Amino acid sequence: MRLRAPFPEEDKVMTLEEAIKRFVRDGDVVYVGGFQYCIPTEACFEIVRQKKRNLTCWMVANDTVLSTDLLVAMGCCKEIHYGWFASWPVRRPPATIRAFKEGRLKIYHYSNYTAMMALMGAYFGWTFAPSLSDFASDMMKHNPNLKYMECPFTGKRYVAVRCPEIDVAIIHCQRADKYGNGQKWMSRTVSDEWGAGAAKRVIITCEELVPNEVIRHDPDRTLIPFWKTCAVVEVPWGAHPTGMYGYYLRDQPFETYAARHFMREDLMWKFIEEWVLGCSDRQEYIKHYVEKFGYEALERLRIKHHIYPIMPVDYGFTGWEVFKGVEYPVEE
Amino acid sequence: MSGEKKHERDYTLFEMMVIAAAREIKDGEVVFAGIGLPVLATAVAQKTHAPNACIIFESGGMKRGTPITLPVTVDDFGCFSGADAALGMYASMAALGRGEVDVTFIGGAQVDKYGNVNSTIIGDFTRPETVKVILPGSGGACPMGCLGKRTIIIMPHEKRRLVEKLDYLTTPGWLWGPGAREEVGLPPDRGPSCIITTMGLLRFDPKTKEAYLEGVFEGVSVEEVKANTGWDLKVAPKVKVIPPPTEEELKALRETDPARIYYPPGERR
């Protein structure tokens, strides 16, 4: 169910506080965007600050303690569905392990192939999607959203995956305009195009808010069209410590630092107090980062070797009026 | 074969594993890779015997030749910057499904004698209180094992990793033996081709589909290998000593990763 109608001319720029307050509800199924880059960490911080409850998080893959693992730690999340989930420096999702052991969290495992198919199916409005992976794995035993099926034409055996009904997708984009057109490039960020498309509502955080003109001069890069989007928030460094193509490198030393805190519960609370609850927004978080590790720590993450298109792409047109009065007579 | 001999080596164990993996790649093959060792193995193969091998990154980056910068994560700049194509994960998964991938590499926490792999959990999933650790999960591993023509399993050779029974089957290998893949609906002509460990190389008997020791690295004895395997490991009638890296192979590897970013912490410079 939509919370609002898509008014095409509506200005959707707002604060992250307002976006999360209006468009994430307790009990929602949330698609958390990104992979090892482009994870909307600041949006997750705000969900934590607003103490949302009983969320179901859906991800294809997610590599940081500062998104879903944080939501689990803070009790925002009751179940998680994923293909791959960990903080790579510690090879595991630390808070998730504690919550699972204590019976506070349900886990549904998929492979990346099958998670991808589930999202693509949801994108198309299907209730299930076929997959060529996960056969005979223990995922089939423990995840009720996976079953075997036969192709009605050939009898070939498939794994069927139930497609999620996603209420809200939180996506970090390189750029977006005030109408909610979100642009991403390099990798199409693995699965965000499908996760956002499948969702009833999309919240975009972006590195840069740009005029609509910028979007309309390069529409091929728009992965999230305006009519899906409910809120747009400009959040520079909004994916840190994961990286952002065209903006900054993944901050592996800081991810390692955060993950080591998360490995021990008392240190985790200290970290969350200092970096999540102790900072009211991303600007404060970055200010704190610079105070603690120095400006050079931030600077070294920036793109050093730029690669721009060599040939401009012409999106121009010719109007059909040029054919007015043009007719090639057929000679017999 | 003593520690003394090991000491004389001018290459590290990690380098031996990468080069053993590189030798498995044939010219013109398509390799599907996450990060780390497979990226290096493909680069070595390209620079030595397989100049036309090609890599597809799981995240959808595709590039002829070696990456512009070494990718440390699966969707790192090195997969996309200066690549020939930067598609999404759907494109790499689809290539696997269509049977266009020759070689896949997977790691994990446990492997059994049929090449089935666990990368999900240590403990009993149905009894959360018994769980020791939750690992990252399948990710691309299961589709790689299901759909890659030849899967190469990379695993440190330890008794707790080469086990009789997995805690969780994440990625099917030959499952329970001959005919099993057909029975469950998997392509029977695809599956694991070898296990490269820190001690040597295991292949699968074409009849029984069970892993056996084919070769050992220089300085490793068959007894050592058997003692570090969690099942009664079958051994080839004549176990080979795997030739150590050639100068050309070592040069290709060290050129690819001069800063030794991918090397295990103890072997970095």
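Tutor: Start with the words. Helices (DSSP runs of H or I, at least four residues) and strands (DSSP runs of E, at least two) are numbered from the N terminus. This is a predicted model: local features need pLDDT of at least 70, side-chain atom pairs count only at pLDDT 80 or more, and totals for chains, interfaces and linings use all residues. Residues are numbered from 1 along each chain as its sequence is written, while chains are lettered from A and ligands numbered from 1 in the order in which they are written.

Student: How many helices and strands does chain A have?

Tutor: Chain A has 12 helices and 14 strands. Chain B has 9 helices and 14 strands.

Student: How do you know that the radius of gyration of chain A agrees with a compact globule?

Tutor: With 332 residues, a compact globule would come out near 20 Å; chain A has 22 Å, which agrees. The C-alpha atoms of chain A fill a box of roughly 90 × 60 × 40 Å along the principal axes.

Student: Why does A:Cys38 count as buried?

Tutor: A residue is buried if 20 or more other C-beta atoms, placed from the backbone, lie within 10 Å of its own; exposed means 12 or fewer, and partly exposed is in between. A:Cys38 has 28 C-beta neighbours inside 10 Å, so A:Cys38 counts as buried. Its place is the loop between strand S1 (29–32) and helix H2 (41–49) of chain A. Most residues other than glycine have a negative phi, and most peptide bonds are trans.

Student: And B:Arg260: what does this residue count as, and why?

Tutor: B:Arg260 has 16 C-beta neighbours inside 10 Å, so B:Arg260 counts as partly exposed. B:Arg260 is in the segment after helix H9 (247–256) of chain B. Its phi is positive too, about 55 degrees, although it is not a glycine.

Student: Which peptide bond is cis?

Tutor: The bond from A:His240 to A:Pro241 is cis, with omega near 10 degrees. A:Pro241 lies in the loop between strand S14 (229–234) and helix H9 (252–263) of chain A.

Student: How do you know that the span of H5(A) agrees with its number of residues?

Tutor: The expected span of a helix is 1.5 Å times one less than its number of residues. For the 13 residues of H5(A) that gives 18 Å, and the end C-alpha atoms are 18 Å apart, which agrees. A:Gly125 follows H5(A), with a positive phi near 85 degrees.

Student: What makes H5(A) mostly covered?

Tutor: Count the residues: 11 of its 13 are buried. Among them are A:Tyr113, A:Met116 and A:Leu119.

Student: What do the two chains share?

Tutor: Two residues are in contact if their C-beta atoms, placed from the backbone, lie within 7 Å. Here 46 residues of chain A are in contact with 43 residues of chain B. Helix H5 (112–124) of chain A is one of the elements that supply at least two residues to that side.

Student: Why are S4(B) and S14(B) said to stand at the edges?

Tutor: Two strands pair if DSSP finds at least two bridges between them. In chain B, 10 strands form an open sheet in the order S4-S3-S2-S1-S5-S10-S11-S12-S13-S14, with mixed pairing. Strand S4 (85–86) and strand S14 (234–242) each have a single partner strand, so one side of each is left without a neighbour in the sheet.

Student: What joins S1(B) to S5(B)?

Tutor: 2 bridges join strand S1 (residues 30–33) to S5(B), and the two run parallel. B:Phe32 has B:Thr104 as its bridge partner in S5(B). S5(B) also pairs with strand S10 (residues 150–155) of chain B, in the parallel sense over 4 bridges. There, B:Ile106 has B:Ile153 as its partner.

Student: Which way do the residues of S5(B) point?

Tutor: B:Val103 and B:Phe105 point one way, B:Thr104 and B:Ile106 the other, and all are buried. In a regular strand the side chains alternate between the two faces of the sheet.

How values were computed: The radius of gyration is taken over C-alpha atoms; the globule rule is 2.2 Å times the number of residues to the power 0.38.
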